[in-house]
Amino acid sequence: MNRLASATSPYLLQHADNPVDWWPWSAEAFVEAKRRDVPVLISVGYAACHWCHVMAHESFSDEAVGALVNENFVAIKVDREERPDVDAVYMTATQAMTGQGGWPMTVFATPDGTPFFCGTYFPRTNFLRLLESVGTAWRDQREAVVQQGAAVVEAVGGAQAVGGPVAPLTAELLDGASGQLGREYDEVHGGYGGAPKFPPHLNLLFLLRHHQRTGVLLDLEMVRHTCEAMARGGIYDQLAGGFARYAVDATWTVPHFEKMLYDNALLLRVYTQLWRLTEDPLAGRVAAEVAAFMLDDLGTPQGGLASALDADTQGVEGATYVWTPGQLDEALGADDGRWAADLFGVTAEGNFEQHPGGGAGSDAGTGDGASVLRLARDIDDADPTVVARWSQVRGRLRAARDRRPQPARDDKVVAAWNGLAVTALAEHAMLTGDEVTGAAAVRIADVLAERHLVAGRLRRVSRHGRVGDPPGVLEDYGCVAEAFCAVHQLTGAGRWLELAGALLDVALDHFGADNGGFFDTADDAERLVTRPADPTDNATPSGLSAISAALVAYAALTGRARYREAAERALGTVAPIVARHARFTGYAAAVGEALLSGPYEIAVVTAEPTADPLRVAAVRHAPPGAVVVAGAADQPGVPLLADRPMLDGMATAYVCRGFVCDRPVRTVKDLLAQL
């Protein structure tokens, strides 16, 4: 029976025709397991996951595996991006049992959902043995299995518990976090850690804000060095823009080719803010290219943004993207081919080894002769004739690459990730005046407001215009509320501030914990084995960091102290983690910098809200986390413009902190003096 055919998840749809009799995550699946008295196999992954594809091909498409699973288990397939709450609970269990985690995640549980054996990817032979062993243990050693599950749940409950020490997120703590990031920094290649190496976007946002407040030059240098290294490396698509999920090496050379919306949204913010502070031409170019990639390659017909591009093309990772010298010559001719090979670091030996049906690796000199494109020469400060040739060669290579088979796209729209994109696009539009990114920010925000907001509550996903059933989790409320605050600043329309406030009220009423922290799921959501509450920032801001950012912005835009106080209490629960593990609290620390800064509230009363020099200067020179609104005095739904007239008929700026304002100013010089 095909129970996945109507799913909103492309990942589930990829498995709809497997011989495994999959169920979607549902109460009915667990009822069926109880009726049959069999354990549950929970398989968690996502559409762009390379090793998920491998296990699907090796095992879940195999008739023998299907027969064994169907006879002895109820099998449930979960898209981790659609159900991050389910993923969080069982990933914590997997890490508790094995010391590591990843996807695909393979969990065996009792019919009430209690996990008793966890793992990740298993080759087919190993997986068959595991299925037989678990089935035997369930029949012959039931008591031991149940006891092990109870122990796992106890460990998971402790790991996910809301509680522990609370402390103010002070300047001293944030200074210490900056110092910790400096000590752990890779001074040779940029970023943090070895292979694999992930873009540290949230830490970079924090470092930029900390530099603004303190003037610490090392903060800015770490951001500039990392951003340049990533933008010149193979992790960045040198032809189409956009960043891959991570590099398999420590040098940013060979990526794992999946491209995620959330990475690119967060990196757009980083490069935009770096350009704002430094006017670095590379940062400005990359920001514009990432924005274009998001809109061109991830845009959906309904106006939202798709989740990801796959790592694989027809089962081979990198097949779309890598080049040999001969392929360059074929696409460009011998002269331009040699020039491009030198510019992009393409050699006869190559830097990339393809593994059909397997992973990718950096292995110069393997003899494959394929290379991931890198920017081996400076282009942003080059002679105009060189830049023109680069642009022309780049366009021809992109056209040739577009004729190759392309990776699949996960086209579901995730509320939180689209919220991140809206905030990034709105910031870019406000700083650059780019009408395309500004219009896109409003359009995507409309999709979130009109499709994902159902009866006052957020839904997590939609696809092809149809909203899915999974309810929004805390990160959805935080990221979307922050996005609505950003669009309010971009447009001056009161509607967005009202929507943001309604979402924050739901979050405070249904997600809050007694100690000031937050759970990741609502109090009226489906009950899982434990109620997840992870305060650490990872690939995306934690729900706690995201909701804190939105609370701070909303409080600054409205002057309502209740929301600022809620943010301060929430950040107090994560402050002890900031002190010990700065790399995993980057967004919380960035929000803390906004609170220390004020944040500033800047109102520009003007008849020309987009182009007024006062607004342009305010956006360009605002302190960390500042909010900026421009428009006519007493505009409905815009508290920052209330009772603030133009003086002598001239555009006037009001600079405030906590709604205590300096004297109004009418010149850019006077405004900058106040900032």
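Trainee: In which sense do β1 and strand β3 pair, and over how many bridges?
Mentor: First, the ground rules. This is a predicted model: local features need pLDDT of at least 70, side-chain atom pairs count only at pLDDT 80 or more, and totals for chains, interfaces and linings use all residues. Residues are numbered from 1 along each chain as its sequence is written, and side-chain values use heavy atoms, with hydrogens and water left out. Now your answer. β1 and β3 (residues 74-79) pair in the parallel sense, over 3 bridges. Two strands pair if DSSP finds at least two bridges between them, so 3 bridges meet the rule. Strands here are DSSP runs of E, at least two residues, and helices are runs of H or I, at least four residues, both numbered from the N terminus.

Trainee: Which residue of β3 is the bridge partner of P24?
Mentor: K77 is the partner of P24.

Trainee: What makes β1 and β5 edge strands?
Mentor: Take the sheet first. It is open, has 5 strands with mixed pairing, and runs in the order β1-β3-β2-β4-β5. β1 (22-24) and β5 (115-119) each pair on one side only.

Trainee: How do you know that C49 and C52 form a disulfide?
Mentor: A disulfide is a pair of cysteine sulfur atoms within 2.5 Å. The sulfurs of C49 and C52 are 2.3 Å apart, so the pair qualifies. The link is right-handed, with 80° about the S-S bond.

Trainee: Where is the other link, and why is it called right-handed?
Mentor: C656 is joined to C661, S to S 2.0 Å. The torsion about their S-S bond is about 95°, so this disulfide is right-handed. By the distance rule the count is 2 disulfides.

Trainee: Why is C656 called buried, but C661 partly exposed?
Mentor: Buried means under 20% relative accessible area, exposed over 50%, and partly exposed in between (1.4 Å probe, protein chains only). C656 has 1%, so C656 is buried. C661 has 32%, so C661 is partly exposed.

Trainee: Are C118 and C479 buried or exposed?
Mentor: C118 has a relative accessible area of 3%, so C118 is buried. C479 also has 3%, and C479 is buried.
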